[in-house]
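Trainee: Please take me through a close look at one kind of contact, the salt bridge, and keep the terms clear.

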Amino acid sequence: MNMITNHMPTAELQALDAAHHMHPFSNQAELAGRGARVITRAKGVTLTDSDGNDILDAMAGLWCVNIGYGRDELAEVAARQMRELPYYNTFFMTTHVPAIALSARLAELAPGDLNHVFFAGSGSEANDTNIRMVRHYWSAKGKPGKSIIISRQNAYHGSTLGGASLGGMIPMHQQGGLPIPDVHHISQPNWWAEGGDMSPEEFGLARAQELEKAILELGEERVAAFIAEPVQGAGGVIVPPDSYYPEIQRICDKYEILLIADEVICGFGRTGNWFGSQTVGWRPHIMTIAKGLSSGYAPIGGSIVCDEVAEVVGATEFNHGYTYSGHPVAAAVALENLRILEEENIIGHVRDVAAPYLKRKWEALADHPLVGEARIVGMMGSIALTPNKAARAPFAADAGTVGLICREFCFANNLVMRHVGDRMIIAPPLVMTTDEIDVMIARATRALDLTLDKIRADGLYA
Ligand SMILES: *Cc1c(COP(=O)(O)O)cnc(C)c1O
């Protein structure tokens, strides 16, 4: 008998949760005080909590439930795979059919000569793999000095020691002695917050050229790779000016450093193509994948690696791997998810229907008195809250104060929309219909109205 039940009173579940369950990215004391919301089931784009509320999930869980909740096919594939072969490893000259089939399918889907997959259990683990892989690559080519990985401030690359070091989140670096050595951060292409008097195009170019400056300062013979999300997700859905992307590619080409595209959010349809790199015109040597790879139905991630890197790394033993690399159940679930994405033309739905419709509605939010810029790529968008659009001014309160107020109003209106500082962000399931988009925008607008009323009363909207 297990103890999992949906029939305990909410308060009892919350008390047990606060007493025994340590939550990620949470203040446990605060959580114990108010009680976590208990999600009991989900279908399509809608979550249901233990009090019976239906909540529109504009974040697709954590940016991952691309095909929506409640797809029986994935449950059936998982059950079948568990009966047939629940586990075997891929170390020591063994393999199994789900890992073979999934790696072959990913090689087909990935652009260019990205033909090889190293599996991990998550995006963070995959980025740890990438750190070791690119350093080992250069070392095997007789250039062990090329060990520095350049990343960006306010990037998110995961929560392991390696992933969080690559990431540029100061509050994460402040805990646990990060970053690890030989990780260097350049500035992010966030024009709204940091563009000053420059035009967006000038600013995009200037921020990309920081990569070139960093390579020259650190020394070309020291730099192994540049890693970036095609569109920063957890940093606040920061969509760079158009001038940014080609300049980054030019610099990577010129200095022959490896480009790692962290596709954990942007991959698998989020931006209207299979991969965000295709949307922004990058030609990466390695892509990090997770999240939408399985639509969150099973924990799996990996690195899709180009021919050249795979060949060099594969010429000797790579002393690296996870017990669950290519886990057969997770791999089978991911394959089924990819089948659904393909056969139901979900990426076509994003490109031709959902994203253009959402873009119009989302950009119209910029007319709201509380909203400065509204940015969106495919099915990931953000709005910057401000008391003064023309000046792109922050609020006269700690960053995130107003964003948090808005998020609470969203929750109270049965909408999950996150805040990053004073930016509100969405990344809904890709299967969202236009009717559901209307509901999402209506609830978001109501939350913005309520937020404006409250901060006017609090004297924060001057
Ligand atoms: C979520 C995320 C990760 C980390 O993935 P986990 O599966 O949580 O370890 C890495 N990179 C990006 C861009 C992400 O959004």
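Mentor: Arg222 is partly exposed, with a relative accessible area of 27%; here buried means under 20% relative accessible area, exposed over 50%, and partly exposed in between (1.4 Å probe, protein chains only). The model is predicted, so local features need pLDDT of at least 70 and side-chain atom pairs count only at pLDDT 80 or more, while totals for chains, interfaces and linings use all residues. Residues are numbered from 1 along each chain as its sequence is written, and side-chain values use heavy atoms, with hydrogens and water left out.

The partner of Arg222 in a salt bridge is Asp182, with the closest N and O atoms 3.2 Å apart. A salt bridge is a side-chain nitrogen of Lys or Arg within 4 Å of a carboxyl oxygen of Asp or Glu. Side chains of opposite charge can pair when their charged atoms come close. Asp182 sits in the loop between helix H8 (170–173) and strand E6 (183–186), and Arg222 in the loop between helix H10 (200–218) and strand E7 (223–228), so this pair ties together parts 40 residues apart in sequence. Helices (H or I, at least four residues) and strands (E, at least two) are DSSP runs, numbered from the N terminus. Asp182 is partly exposed too, at 28% relative accessibility.

Over the whole structure, the search finds 21 salt bridges. One of them joins Glu344 and Arg71, at 2.6 Å from N to O. That pair links distant parts of the chain, 273 residues apart: Glu344 is in the loop between helix H14 (328–343) and helix H15 (346–364), and Arg71 in the loop between helix H3 (60–63) and helix H4 (72–84). Glu344 has a relative accessible area of 38% and is partly exposed, whereas Arg71, at 17%, counts as buried.

Glu363 and Lys359 meet at 2.9 Å, N to O. Both lie in helix H15, four residues apart, which is about one turn of the helix. Glu363 is partly exposed at 34%, and Lys359 is partly exposed at 38%. Salt bridges can also share partners: Glu212, Glu247, Arg250 and Lys254 are joined into one network in this way.

To review, Asp182 and Arg222 connect two loops, Glu344 and Arg71 link distant parts of the chain, and Glu363 and Lys359 both lie in helix H15.
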